[in-house]
Every structure is written in C-alpha cells, then in structure tokens.
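Colleague: I have a model open and would like to learn how to read it. Where do we start?

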Amino acid sequence: MTVTRLEPEQRELLDLAREFAVRELAPRAAADEAAATFPADLFRRLAASDLMGLPFDSEYGGSGQPYAVYLRVVEELARGFLAVGLGLSVHTLATWAVATFASDEVRKTWLPRMTSGELLGAYSLSEPGSGSDAAGLTTRAVRDGDDYVVNGTKAWVTHGGEAGFYVLMCRTGEEGSRGISALLVPADTPGLSFAPPERKMGLRSSPTRQLIFDDARVPTHHLLAEEGHGFRIAMAALDGGRLGIAACAVGLAQAALDQSLSYAAEREQFGRPIADFQGIGFLLADMATGVEAARALYLEAADRRDLGQPYARMAAMAKLFASDHAMRVATDAVQVHGGYGYVTDYPVERYLREAKVLQIVEGTNQVQRVVISRDLLRR
Amino acid sequence: MRIICPVKRVPDTAASKKVDPDDFTLDRDSVEAILNANDEWSIEEAMRIKERDGAEVIVLCMGPEQAQTTVRKALSYGLDGAIQVTDPAIHGSDAVATARVLAGALREESFDLIIMGNQSSDARTTLVPAMLAEFLDLPALTYARKLEIDGRKLTAHRETASGHVVVEAEMPAIVSVVEAINEPRYPSFKGIMAAKSKPLSTRDLGAVGVDASEVGLANSWTQIIEATPRPPKQAGEKVDDDGSGTVGAKAIADFLAAQKFI
Ligand SMILES: Cc1cc2nc3c(=O)[nH]c(=O)nc-3n(C[C@H](O)[C@H](O)[C@H](O)COP(=O)(O)OP(=O)(O)OC[C@H]3O[C@@H](n4cnc5c(N)ncnc54)[C@H](O)[C@@H]3O)c2cc1C
C-alpha cells in the first residue's frame, strides 16, 4: 500500500486499522457470514477506537481526516471483513449527508452521536420499483403541522433494522428528481417498521431490509437542506460513497490476492509449486497489477475531493474499475485454488460471492458508465 | 495514586531476525520493532485502575532513541506521561543491568504501584520484575492473573503450573502480569493524536544515578557465547486412522507423550 504523504499519526492510524482487521475482523468473517449474524460488537469496538467519524469536523466529534486517509482505513477493514468495511462506508455516507445539509440545531444534537459511532447510519434511496431510475421513487411525505407524515416502502436498505438513523429520500412534491426531499429519520420513529432481512448470496452479515413507513411522523426540522433538494443530496452523497465502495473492492481484491499467493506457493503439482507455472504466475501478475491500479485510482479521486476539486466522474471510474477488477480477482483466486477454491474450506469462494455485490450497489456498473459518459460528453 | 508501567521495545515477534555475528546482539535495524505484547496487559490493567479509582499513569522505557515510537505507542492507550532512559552505554545490557537502570530511574520518582508484563517476548527471562523489586526493596507480586486493590492493600492471584495462589502486599509494590489478567483494548485515534503532546522526559545514565561500568554488554553478568539459527521447519507427521477414531487418537497421544507435551 502507498504510504507516501502520510503524517506519523496517520501511519499509526493505518497500523491500528490493519492490526484490528487481522486480529479481530478476519478471524470472524467466515462464521458471521455463514450464520448471517450482524457483528454489532465489532462496530462498537471500531467506535471505541474513534474509527466511526474519521472524515468529520472535530467540532462535531470527528477526527478531521482527509478522505485519502479515511478510505485507506475502509480498505484495511474490508480486507479483513467486507461487511465491516462496507458498513463503515455506508455509515459515513449517511453521516455526511447530515453533516453537510442538516440545520445547525439538528447537527448539534445528532452529529456527535453519529461520529462517535453510538448511532449507526443507513441510507435509503432505492425502492422495489425504482433502482437505477432512483428519481422514480414513490414513498411520499406530506406536511402536517410540525411533522411530515411518511408512507411507502423503501428497499435494499443496508443496516436496515440495526441502524440508529436513516437518511431517507422521499417525495414531497412533483414527479421526477425535483420533487424529492431528504429527511433524517431516527430508528425509533413511530410508524417505521422493517421487513425480514433479504437472504443474500454474500455479504450476509450486513443486514439488508425493506423499510415500511405507515403514517410515520418525522419532525419537519429533520429536513436536510430544502424541500426538493433530496435528489441532489442523494447523488452528492453517492459520489463519496462510491469511493468507499472502491476502497472496499480493493480491500477484498487484496485479500483474495494474498490468499492466492500463499496457496500458489504451497500447493504442489507435477513436483513443484503451482506458482512456478507461468499460467498461474501470469494470473497472479494481472491480479496484482489491477489491485494497484484500482488503489491508485480511488486515491487520486480522493485527493481531488480533499482539494475541493470536482471528482464525481473519477469516483464513478474508481467504483467501476475497482469492483470489476475485484470480481475478476475473486474469480481468478478460485481458479488458482482449483477444486479447493470451490469449497468453504478456503475464503475465496466467499470473496467471489461478496465481490459481485460491489458491481451492483451505489449504482450498478452500467449506471457508473452512464455517469462517466454523460460527464465526458457534457463539453 | 501514581502508577508506573515499565515497557520494552522488542523486535516484531512474528518476523525472522538477524543476530550480529560479533557480539550476538540482535540487529535491531533488520526487523520492525513493536511494543512488547505483555506490556499491553500491564498498560490495560493500569488504565482500568485509572478509570476506576483515578490515577496518574506513567510509562517508563529503557531503550535506544528510536524507542520513542514505542513510548508514543504506549501513550496512545491514554497514559499521562513518559520517561525514557537512553544512553549508548546501555547497549547489550542483560536482565540485571536492565533492572539496575530501571531501578535508578524509579528511585527518582514517586509512585504507588509498578505494573509490568511478566516477560519480554525477545529475551523471555521473566527476571526483571523480581530483580527490580530486589533493587528497590519492594514487595513483588509476580505472574498476576488477577489484581485487586483495597485501600493500600493489593491482592493478586499468582498463576502457577497447577492453578493459582493468592498473594498480598501493601503499596508501594511491583506487580507483573500474565496474559489471563485482561483483554487489552486497542488505542483510539484520538489517543494516538493526544500522545504527541504528552510530556516525555528523556534521561541518560547519569540522570538516573547509574554508572556506565555497571551496564552494557561488557558489564553484563550474562554472556552469549553462541547463536544458532532455528533449523528449518520440518514436515509434519501424518496420523492415519482406520475410521474408528481410536487408532488415530492413540497415535496422537503417543506422539504428544513422546514429545513430552502430555
Ligand atoms: C446488498 C445490497 C445492499 C444495498 N444497499 C442499499 C442501500 O443501503 N440503500 C439503497 O438505497 N439501496 C441499496 N441497494 C440497492 C442498490 O443500490 C440497487 O440494487 C441498484 O441501484 C440497482 O437497482 P435495481 O436492483 O433496482 O436494479 P435495476 O435498476 O432494475 O437494474 C437491472 C439491470 O438493468 C441495468 N440498467 C438499469 N438502467 C440502465 C441504464 N440506463 N443503462 C444500462 N443499464 C441499465 C442495471 O445495470 C442492471 O443490470 C442495495 C442493494 C444490494 C443488493
């Protein structure tokens, strides 16, 4: 991993993340994934080490770290246990929306509890009928006195049922993207309930649920920015979130590569380690090259963000490239392991199942290409 | 209450090491250095006392200048300050010389309790806590796997091969701890940041009242006369079982008995 341009305490932060991932996360991943248990205790321990609020202002309990540092922490955690790295990324995405768009009063009361990790964050844009076409959402919020009354069903919410708060995109006005608003919804909001968790092929210890709003009342001062700004908030949050998914993909790919390297050096066929066969060596070389390229890409995008430059296109590129490459690395990792890669004795079949979701979440990779090409052709 | 935690900078336990061919000391540049693992337990125990009863916790480290990173690491767990004893004459000191230097530094300090790991992962002598107690004429509660404090009275469960014995002492005293005593926390990022601004006092041998003729490789009572690299790992032994379980179990039991494990 690149370690240039880091302050000593940032190096120590990465050491801490790596040590935590190796000692606490990696040994837990297989069992929690198999049982689909949400590792709430691990998030509490991340919180105890101040890792849940890294990129936020110290005024609100954060650590004021640049994205380039925060994302490396996400990568290290995902390398040990994807559901935890991705969980931190989703938490940060939701917290960012509150930190950036909530009123001063809401920020003062809520943000410190988010950056400290006391409240886990979730982000709710998708619906059963609107995925890629997110602006087609139909969950509606109607003003009634000092509350919005919310009705509708949201889909695919990571941390659904486990989160302390939800950043909800819902319709307060006309059809299309301009009629959408964003609300901060506390988990204990009356009228909010949760469907049973989805039964997923991977990332099983990260709960994904539908949220059901049945005359749920959310105070109007929980509106982020203004009515009608919700879609822009949702998209801006996703720009940062995609960097998190890219970092997760690099972490996962690195783990699959590490495992493949050690297996290839150990496994003997025809009287020598399979790593000695060029057919395997070339696979490993391509895996490693893409991992480095993906890491360089997300860090470049992060630097642009940290410098206040436009970075949306590059974030989409990083998410697209890193998750496609993670899929390839995971597939090749199974190949390197032969039959042993197809059974649960080794983690690579799990990596393969986990990598797939990274090509789908926070905008499918087709949607990333839509974002990139639109941005390219705008001039 | 003032607690002092002596800690050691040691080569990474997992790394393979190089030994200087002339004096058989470790080539410290060849491996990454870390905070001795056992010292994480002593720091954790001190931090728990601090959080429960209130205490000032100070880290004490004898080591080369680079050991400052180890001291900062210790501070990142939330300790209040540090003393580092650094002097070129210390290089190659054995357990007795180390205890002499630590005792010298501690004589200059007020404290109620010394808590330290029972051994360092590189030397593994387990001698320093007891020697330190001897030099300072203090009670030593070593191998503690449980520590209770009631006023000035300390009660420790001392781990033995077959169980534990309960030992008591009045403060001030020295306690050395074993792994079972607690589960150490991870540092927090805010702790890492705060460690930069915690007071660190650096002292040489003169400042701790120890003469160079009492320490260092040449004046150590222990002499290393030979060093041999560990032989390469042997292939493991495979035990076949006929499916009943008993044949395999017996073979494994015989093997363990032959290796004197059981
Ligand atoms: C495990 C998991 C966690 C999730 N977490 C969250 C969450 O926390 N919050 C949240 O809001 N959502 C979440 N999602 C939802 C996710 O963002 C959506 O699944 C994703 O946006 C795709 O929407 P869809 O599933 O409806 O697919 P669809 O939009 O129906 O897409 C189906 C296929 O059509 C393609 N397609 C659609 N439109 C186009 C186009 N214009 N051009 C080319 N191809 C196109 C897609 O790429 C895809 O291949 C999660 C999903 C999963 C699986």
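Modeller: With burial: a residue is buried if 20 or more other C-beta atoms, placed from the backbone, lie within 10 Å of its own, exposed if 12 or fewer, and partly exposed in between. Helices (H or I, at least four residues) and strands (E, at least two) are DSSP runs, numbered from the N terminus. This is a predicted model, in which local features need pLDDT of at least 70 and side-chain atom pairs count only at pLDDT 80 or more, while totals for chains, interfaces and linings use all residues. Residues are numbered from 1 along each chain as its sequence is written, and chains are lettered from A and ligands numbered from 1 in the order in which they are written.

Colleague: How many residues of helix 4 of chain A are buried?

Modeller: In helix 4 of chain A, 19 of the 20 residues are buried, leaving the helix mostly covered.

Colleague: How many helices and strands does chain A have?

Modeller: Chain A has ten helices and ten strands. Its C-alpha trace spans about 80 × 50 × 40 Å along the principal axes.

Colleague: Which domains does chain B have?

Modeller: Domain bounds come from an automatic or database domain assignment. For chain B this gives domain 1 (2-214) and domain 2 (237-262), with C-alpha centres 42 Å apart.
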